[in-house]
Amino acid sequence: MARPSKYSQQIARTICQQISEGKSLREICKDERIPHRSTVMNWCKDNRDFHDQYARARELGADWYEDKIIEAVDEITPQNANASNVKISTLFKLMALRNPKKYSEKQRIDHSSSDGSMSNSKNVIVTFKDPPKYKEDDE
C-alpha cells in the first residue's frame with residue numbers, strides 16, 4: 001500500500017494530535033498510513049491552515065516536555081544524577097525549540113521609568129546556563 005500524499009484533514013488532525021503529545025514528526029511518519037515527512041513539510045508550506053495547526057501542536061507539545069522534565073526531576077537519585085541531568089537538559093532544549101516564546105532561554109527585559117513610561121527602555125538578553133553537574137562524594 002502506498003503512503004498517502006494528498007492532503008487530508010483527518011490525517012492532519014492525527015499528525016497534530018501526536019505532535020501535541022510530544023511525538024516527533026519522524027516518529028509519526030514511520031506509520032505507513034501517514035505521509036512521508038517531506039510530504040507533511042510540503043503541506044505546512046502550501047496549506048496555511050495546516051501550517052497554523054502544526055505550529056500550535058508543536059507549542060502544545062512543549063508542555064508535554066515540561067511534564068517529562070518534572071517527572072525526571074522527581075526520579076533523580078545520587079546513582080542516576082548525571083544521566084538525569086543530561087535528560088533534563090535535552091528535554092529543556094527540545095521544549096524551548098517547540099515553543100520558544102514560552103520556554104526560550106533568552107528573555108527580553110524592559111526597564112520602565114518610575115512614571116511607567118518606556119522612554120528609557122533597554123533590551124537586555126539574559127542567558128541561563130545549564131545547572132552544574134552532580135558530583136558524587138569521593139569516599
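1. Tyr7 counts as partly exposed, because its relative accessibility of 28% falls between the 20% limit for buried and the 50% limit for exposed residues. The residue belongs to the segment that comes before α1, and it should be read, like everything below, as part of a predicted model.

2. The side chains of Tyr7 and Gln9 are joined by a polar contact of 2.9 Å, and, once neighbours within four places in sequence are set aside, Tyr7 is in contact with Ala12, Trp43, Asn47, Phe50 and Gln53. Pro35, which is 28 residues away from Tyr7 in sequence, has its C-alpha 9.1 Å from that of Tyr7.

3. Asn47, one of the residues in contact with Tyr7, also caps the N-terminal end of α4, where one of its side-chain oxygens lies 3.0 Å from the backbone nitrogen of Asp49.

4. Helix α4 covers residues 48-74, and its end C-alpha atoms lie 40 Å apart, which agrees with the 39 Å that its 27 residues should span at 1.5 Å a residue. Its buried residues are Phe50, Tyr54, Ala57, Gly61, Ala62, Tyr65, Ile69 and Ala72, and these pack against α1 (9-20), α2 (25-28), α3 (37-46), α5 (81-98) and α6 (100-103).

5. On the α1 side the contact is made by Gln9, Ala12, Arg13, Cys16, Ile19 and Ser20, while α4 contributes Phe50, Gln53, Tyr54, Ala57, Arg58, Leu60, Gly61 and Trp64.

6. Helix α5, with 18 residues, reaches 25 Å from its first C-alpha to its last, close to the expected 26 Å. Ala81, Ser84, Asn85, Ile88, Ser89, Leu91, Met95, Ala96 and Arg98 are its buried residues, and their cover includes α1, α4 and α6.

7. For the chain as a whole, there are 6 helices and 2 strands, arranged from the N terminus as α-α-α-α-α-α-β-β. Of its 139 residues, 26% count as buried, and the chain exposes about 10,100 Å², of which carbon and sulfur atoms supply 50%. Among contacts between residues at least 6 apart in sequence, 54% join residues at least 24 apart.

Conventions: Residues numbered from 1 in each chain as written. Predicted model: local features only at pLDDT ≥ 70, side-chain atom pairs only at ≥ 80, totals over all residues. Heavy atoms only, no water. Helix = DSSP H or I, 4+ residues; strand = E, 2+ residues; numbered from the N terminus. Buried < 20%, exposed > 50% of the residue type's maximum accessible area, 1.4 Å probe, protein only. Contact = heavy atoms within 4.5 Å. Areas by Shrake-Rupley, 256 points an atom, 1.4 Å probe, with all protein chains shown as cover. Expected span 1.5 Å × (residues − 1). Polar contact = N/O pair within 3.5 Å; in protein donor to acceptor, adjacent residues only side chain to side chain.
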